[in-house]
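Thanks for taking a look at this one with me. Here are a few friendly notes to read alongside the model.

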Amino acid sequence: VQLQASGGGLVQAGGSLRLSCAPSTRTFSTFTMGWFRQAPGKEREFVAAMRWTSGNTHYRYADSVKGRFTISRDNTKNTVSLQMNNLKPEDTAAHYCALTERAPIFGYLNSPGAYDYWGQGTQVTVSS
């Protein structure tokens, strides 16, 4: 499975961006999609995830983005998006989407090890 991430760019603080991630194959009845980010000189960190199992969806967000970011699925386009509002300079990073065709336990959704496939990064830059 290949993942195509898009939607990054340069925005002023307080602005919004919408990232999208498109798998090369149709997603199955069970899957988990996550977004991570990595700033220069820093470790990759968890941003958000959604776990889809037989019509039930569970969401998890990093504390730093709660209330500002929303992860969602577009069934018609077979994509998962990350709507980012009220962006801050500290959100500046390369953002990566990741996918597994499994349903990890909720507490594991924030771990890169839970995911099997990764997209290329899309850069988000927020100016102050």
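1. Some ground rules come first. This is a predicted model, in which local features need pLDDT of at least 70 and side-chain atom pairs count only at pLDDT 80 or more, while totals for chains, interfaces and linings use all residues. Residues are numbered from 1 along each chain as its sequence is written, and side-chain values use heavy atoms, with hydrogens and water left out.

2. Start with strand S8, residues 79-84. Strands here are DSSP runs of E with at least two residues, numbered from the N terminus. Because 5 of its 6 residues are buried, S8 is largely enclosed by the rest of the structure; buried means under 20% relative accessible area, with a 1.4 Å probe and protein chains only.

3. Next, see what S8 pairs with; two strands pair if DSSP finds at least two bridges between them. Strand S3 (residues 17-23) runs antiparallel to S8 over 5 bridges, and Leu17 has Met84 as its bridge partner. Strand S7 (residues 69-74) also pairs with S8 in the antiparallel sense, over 6 bridges, among them the one joining Arg73 to Val80.

4. The hairpin of S7 and S8 has 4 residues between the strands, and Asn78 takes a positive phi near 55 degrees there.

5. Finally, the whole structure has 1 disulfide, meaning a pair of cysteine sulfur atoms within 2.5 Å. Cys21 and Cys97 form it, with their sulfur atoms 2.1 Å apart. This pair links distant parts of the chain, 76 residues apart: Cys21 lies in S3 and Cys97 in strand S9 (residues 93-100). Cys21 counts as buried at 0% relative accessibility, and Cys97 is buried at 0% too.

Terms used: Buried < 20%, exposed > 50% of the residue type's maximum accessible area, 1.4 Å probe, protein only.
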